[in-house]
Amino acid sequence: MKHIIIGTAGHIDHGKTTLIKALTGRETDTLKEEKERGISINLGFTFFDLPSGKRAGIIDVPGHEKFIKNALAGVSSIDLVLLVIAADEGIMPQTKEHFEILQLLNVKKGIIVLTKADLVENEWLSMVKEEIKDYFKGTFLENASIHSVSSKTGSGLKGLIEDIDKLTEEVEVKDTEGHFRLTVDRVFSVSGFGTVVTGTIISGRIYEGETVQIYPSNIISKVRGIQVHEDSVKFAEAGQRCAINLSNIKVEEIKRGDVIAKQNTMVSSLMVDCSLHYLKSCKKPLKNRQRVKLYHGTSEILCRVILLDRDELVPGNTAYVQLRLEEFITAQRNDRFVIRNYSPMYTMGGGTIIEPSPRKAKSFDYVYLEELKIKESGSAESILERTVEKLSSEFPDESFILKALGKNEENLKEKLDSLAADKRIIRFKALDKEVYIHKNFLKNKIQDIEKFLEKFHRENPLKIGVSKEEFKNKIFGKNIKQKVYDEFLELLIYRNIVDLHGNYVSRYGFEIKYTKDQIRIKNKIIDEYIKRKYLPPKYEELCESERDKKIFKMVYDSLFDSGELFKVSEDVVVLNIYYEEAKKKVINYINKYGRISAAEARDMLNTSRKYAVALLVHFDNIKLTKRVEDSRVLYKK
């Protein structure tokens, strides 16, 4: 079902609230001060049923210039505007400012309502209509119908209602299948129920009992109940104004401007990248780093405008800017915004958020500006590809990418699959999730790997490679899950970038190459271990006659990497073939006699008690044997 939000706009005392009461029979001025002063201060909300059966929500925005911030909170979510102009006064300052805001927020549909028509002559009415037609020429209201009405007598209201009903057919259907997002415009407490928030659902759908997250505070809450147009419902969806009763949250923990959404679907930021149109009506250029007020959704935040593509912004022009905020904002790509000067207060401009959570940018960074142009172009695949590229070092999964996109992205999985099929991104399986990296990230990472291994092999020519754990930490840091790392290694092996030797990683095709002197040292070491068998030599004995101890140590260590020597304990080393032989002998002995003592192992291996015990302790540690009193038995798994 199509849901419609209608909003009023116009100068103070031009009859907006009275018009709504005449249309709906309901009063939107609820504050005591509003009734006493006869002006709207806060947003007013009501609804009415159209002849076609559609129920439209209505937002009554205040016209007084002091309450523009409240007006902006209402206008940000409307589909269709009733621009109210009093027939006896015509176009006034707030008429113009409200209209500028409507254009900046990209409101596309509207009707011009001439109120108080009963107070003027027909000739005057005709003159005012001509003035209106001339003023709105070339805008979205150029061909808008103009209705002369009297809220007092009821004249013209029937035709206005019929026209509203007809125009609602042209309003775009809201995104009810996207991620739920509501901008909070009121917060209050109801006795017996607790905290209640109201707002317009921008996208998605929310059900009673669902868990939600309050942004930017990140408080988690649960939907206790939902009301739409005063009726309790099980769910509400995009385009509807609703009241949500939240559990486990205090009134003071939430405020106008906050966003309610599903858990982990949004991210808050102190910066946003935007396309900013600076109004022609402004008297002087906008300076770099100028302090302004940002209006987004229902929030009002002080910020500084960082001009990215020029030194100053001339009235009537559009520029790329980064807004540096004094409070967190929770936005999505393509959201509209308005900026106003904060002293004196007047509307300066507005536009579209291109990147809701950017990195800090510098002016005249042409690479950065090119990225913004691509994002602004709206090409879904280009934006998605750039997002994956930016996040690649995090090895993001689908939900992480969605949050970073800052917008509802339909068929995200299919788009990721398409990019993977085109080899523009690479997909890995991590536990129950798929993660993605960009081809450029892989290309750069391969270059890093090649440089790292080249340096490692140059400095350690007799080491078969670097340990897998050290390689992971040096190349990826702590951001990569083990499953993804294993798959990444497999990809590197498949692409002939690296070789894997047990627990060691080397450059593809790397082989240890000994010099003649190193071969002599290697043979000397192995000969000595063969000669001494289970009474192996100490390291100090082996290198005693060697002049270059550094070269000797390098050759000695390489024999462990190649698997020719095996370290039983810190001071016991044997040839690997003898270690394996000793293992088999111990197993066979225990299988034959049921157990083996240290003395029996010593005699069987023709060694000393010290080496026999070292071997048996090692076998205990690897759970080959188990000590029972003074003997060993085979370990039962």
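The model is predicted.

Strand E19 spans residues 299-307, and strand E21 spans residues 318-330. Five bridges link E19 and E21 in the antiparallel sense. Here Val305 faces Leu323 of E21.

Strand E23 pairs with E16 and with E22. Six bridges hold E16 and E23 in an antiparallel pair. Ser275 has Thr352 in E23 as its bridge partner. E22 and E23 also run antiparallel, joined by seven bridges. Tyr342 is bridged to Met345 in E23. Together, E22 and E23 make a hairpin with two residues between the strands. Pro344 sits in this loop between E22 and E23. The peptide bond joining Ser343 and Pro344 is cis, with omega about -5 degrees.

Of the 11 residues of E23, nine are buried, so the strand is largely enclosed by the rest of the structure.

Strand E26 (residues 466-467) pairs with strand E28 (residues 504-507) over two bridges, in the antiparallel sense. Ser467 stands across from Tyr504 in E28. Strand E27 (residues 498-501) is antiparallel to E28 as well, with four bridges between them. Leu500 lies opposite Val505 in E28. E27 and E28 form a hairpin with two residues between the strands. In this hairpin, Gly502 takes a positive phi near 65 degrees.

An open sheet has three strands, in the order E31-E33-E32, with antiparallel pairing. E31 (596-597) and E32 (625-628) are the edge strands, each with a single partner strand, so one side of each is left without a neighbour in the sheet. Helix H17 (residues 576-593) packs on this sheet and touches E31, E32 and E33. The direction of H17 makes about 90 degrees with that of E33. Two bridges pair E31 with strand E33 (residues 631-634) in the antiparallel sense. Ile596 is set opposite Arg632 in E33.

Two helix pairs were also examined. Helix H14 (residues 516-532) packs on helix H16 (residues 549-561) at an angle of about 55 degrees, with the axes 10 Å apart. That angle makes H14 oblique to H16. Their crossing is right-handed. H14 contributes Gln518, Ile521, Lys522, Ile525, Ile526 and Tyr529 to the contact. These meet Ile551, Phe552, Val555, Tyr556 and Leu559 in H16. By class, the contact has nine nonpolar residues, one polar and one charged.

In the other pair, helix H1 (residues 16-24) and helix H6 (residues 157-168) have axes that come within 11 Å. These axes cross at roughly 85 degrees. H1 and H6 are therefore roughly perpendicular to each other. Leu19, Ala22 and Leu23 of H1 meet Leu157, Leu160 and Ile161 of H6. The contact has six nonpolar residues, no polar and no charged.

Most residues other than glycine have a negative phi, and most peptide bonds are trans. The bond from Tyr215 to Pro216 is cis, with omega near 5 degrees. Pro216 belongs to the loop between strand E10 (211-215) and strand E11 (219-228). Glu230 is not a glycine, yet its phi is positive, at about 75 degrees. Glu230 lies in the loop between E11 and strand E12 (231-233). With 60% relative accessibility, Glu230 counts as exposed. Asn606, also not a glycine, has a positive phi of about 55 degrees. Asn606 occupies the loop between helix H18 (598-605) and helix H19 (609-621). Asn606 is exposed, its relative accessible area being 64%.

Notes: Residues are numbered from 1 along each chain as its sequence is written. This is a predicted model: local features need pLDDT of at least 70, side-chain atom pairs count only at pLDDT 80 or more; totals for chains, interfaces and linings use all residues. Side-chain values use heavy atoms; hydrogens and water are left out. Axes are lines fitted to C-alpha atoms, for helices over the stretch in contact, and angles run from 0 to 180 degrees between N-to-C directions. Angles under 35 degrees count as roughly parallel, over 145 as roughly antiparallel, 65 to 115 as roughly perpendicular and the rest as oblique. A crossing is left-handed if the near helix is turned anticlockwise from the far one by less than a right angle, and right-handed if clockwise. Contact means heavy atoms within 4.5 Å. Ala, Val, Leu, Ile, Met, Phe, Trp, Tyr, Cys and Pro count as nonpolar, Asp, Glu, Lys and Arg as charged, and the others, Gly among them, as polar. Two strands pair if DSSP finds at least two bridges between them. Buried means under 20% relative accessible area, exposed over 50%, partly exposed in between (1.4 Å probe, protein chains only).
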